[in-house]
Amino acid sequence: MSVLEAMRMAMHGVAANRMRSLLTMLGITIGVAAVIILVAVGHGSAVAVQKNIEGLGTNVVTIQPGGFGFGRGSGGAQSSFTQLTTKDVKALQDPSATPDIKSVTPVVNGSVTATFGSASYTPNQFIGTTPSYAEARKSPVSAGEFITQQDETAHSRVVVLGQTVVTNLFGSQSPLGQTIKLNGIGFEVVGVLAPKGTNGIQDQDDIAIAPLTTTQSLITGVTGGLGQIIIEAKSSHQVDAAEAEATSILTPGHSSNGTANFRVLNQASLLQTTASTNQVFTVLLAAVAAISLLVGGIGVMNIMLVTVTERTREIGIRKAVGARRSDILAQFLSESVLLSVFGGAVGVAAGLLGSRFKIVGVQPAVEPYSVALALAVGIAVGLFFGIYPANRAASLRPIDALRYE
Amino acid sequence: MPSVITVKNLVKTFIVGEVEVRALRGVNLDVEKGEFLAVTGPSGSGKSTLMHIIGCLDRPTSGQYFLDGEDVSRMSKDALAAVRNRKIGFVFQGFNLLARTTALDNIELPLLYSGNAMKAAERRKRSMEVLKAVGLENRGDHHPNQLSGGQQQRVAIARALVNEPAILLADEPTGNLDTASTVEIMQILSDLHASGRTIVVITHEAEVADRAQRVIHLVDGGIESDRRTGAAPPVTPRFAHDDSAEAISA
């Protein structure tokens, strides 16, 4: 009997019991679709996080006060020597000691309530920093200009606002040239940042930026120390060198009992860490999906066993007129493979369709390998779980099969 | 006349629980080509077991069985399947047609398993020929449940004949039929015999056995009597049936 004939018979068998075949296929369909969608969600969130981190600047090393095991949050105020100061910034800016560093940007964090007319809004983030921030953090302005060196030296009362702050204070009005009050002190809006969107945790556009000098003298006070120092390396492969230089400069003045009192965050290594975290996440999702594919396969086996029992007499008739063991095997194996191929194909379609929609805030990114893998595994599952029932059918003795009621 | 079936000292024992049942205790039988043989006997006499072994659906415990000159008693399962396909045409009491499959497709079934690559059109043509031979040429597209019992049995006979088997083996072919259909089926068998077919019918009905040339009576797994009725083959072979008898029975 040819493969074509076996396929034709299998088609007949599948079509003979449409509802049951459909439900069996559904198991495989859901499994395949789940694999595709969940892998796409995992990959999509990885892509999003990666883009966000890259948005922070990949050639960047961030230094924050406080060690890993203590310091911030471990009760009480930070001791003064853990603070990062403008003196540290000066030391880091020395080009002879730091040949791999392009720019050093100090940042202080404050909290303000901004008012404009009757509108009042508290930005999620208020920072005081220097002009190099715009490049290091990849936060260019979309209108007006960023704070300048003159603003720094003159302690100008100017502010650059993120899109969210603008919307909350001004609505659709242009904010440029307007004066808003930060904690009651008037600041002129000189620029609006280009929108960056959310990084998954917070709205990156919910920010107001003022000159470091102005911020320290009017809002945070000079004694508070810096929130962080952003160091930009000259190129992507000088990041590690820049990190080492910064660490060696800061360590003498910022350590107790040989432990550094500051943290260095390397964007590149952060990127790597999140990539591997996402890998684990994706594998986990895929595993859950694979289980549903397995369950679908067991469904195929279950139905095929019922089918074999139900069609015992048919098997007997076929054997009586000369069907060999291999003929029966081929027929029933074709049937289960056909079920899983159909189910798998529909699953791929459903998976691709489902991946077009945002799922819990993540835009899924379909991985081509997951489609091929899911389909291949789906068919393999049908083949594997079809073997036992088909074998059972093929090994029935013709007289027993014929006598079966 | 050459022998189509030669059975020597055939023994078949079944183990039922812990009891050994001897269904056949040394049967010897020769069936010549072109013979019309009826096997009768009370239930439990071993006639079904004999039919299964002759039909290569089962293998004997001991003894030899030559079918068309080949020793089939020790053949492998696949070889037996091939023998069933080429040498034996079965007609069962319960018709045993595939439901949800048209009459023509049912008849084609043995051709699908015959191993030689017959083209689909050729298979169809051959199936149509035998369907015509049993007088159902306009019922090819009907499913079994759209046919009367007599018609179903005629389709089954057509299926049995499609591969030109050496013997036609009928197990109570009229057991599920009314009198009119019985007469008709027996007429077909007589006609086939007249055209030279070797036919073995298992039956417990006297009027069916009467049609045969030779009647074997089995009792307790052995041949009790073997009598040749000498009944001459029917004079007028009649293949093309009209459906009038069916119409009455339906």
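Reader: What pLDDT does chain A average?

Author: The model is predicted, and 94% of the residues of chain A score at least 70. The average pLDDT of chain A is 85.

Reader: Over which residues of chain A is the pLDDT below 50?

Author: The stretch in question has 11 contacts in the model beyond near neighbours in sequence. Where pLDDT is low, the predicted coordinates should not be read in detail. The pLDDT of chain A is below 50 over residues 68-80.

Reader: How many Å apart are the C-alpha centres of domain 1 and domain 2 of chain A?

Author: Domain 1 of chain A comprises 3-52 + 273-403, and domain 2 covers 85-253. Their C-alpha centres are separated by 56 Å.

Reader: Which element of chain A gives the most to the side that touches chain B?

Author: The contact involves 17 residues from chain A and 19 residues from chain B. On the chain A side, α1 (3-16), α10 (312-320), α11 (325-354) and α13 (398-403) each supply at least two residues. With 5 residues, the element that gives the most is α10(A).

Reader: How many residues of the side of chain A that touches chain B are nonpolar, polar and charged?

Author: Chain A brings 17 residues to the contact. They divide into 9 nonpolar, 1 polar and 7 charged.

Reader: Which residues of helix α6 of chain A are buried?

Author: Helix α6(A) spans residues 163-170. Its buried residues pack against strands of chain A, including β3 (114-116), β7 (158-161) and β9 (185-193). Those buried residues are A:T164, A:V165, A:V166, A:L169 and A:F170.

Reader: Which residue just after α6(A) takes a positive phi?

Author: The phi there is about 65°. The residue is A:G171.

Technical notes: Residues numbered from 1 in each chain as written. Chains lettered and ligands numbered in written order. Predicted model: local features only at pLDDT ≥ 70, side-chain atom pairs only at ≥ 80, totals over all residues. Domains from an automatic or database assignment. pLDDT = per-residue confidence, 0-100. Contact = placed C-beta atoms within 7 Å. Helix = DSSP H or I, 4+ residues; strand = E, 2+ residues; numbered from the N terminus. Nonpolar A, V, L, I, M, F, W, Y, C, P; charged D, E, K, R; others polar. Buried ≥ 20, exposed ≤ 12 C-beta atoms within 10 Å, placed from the backbone.
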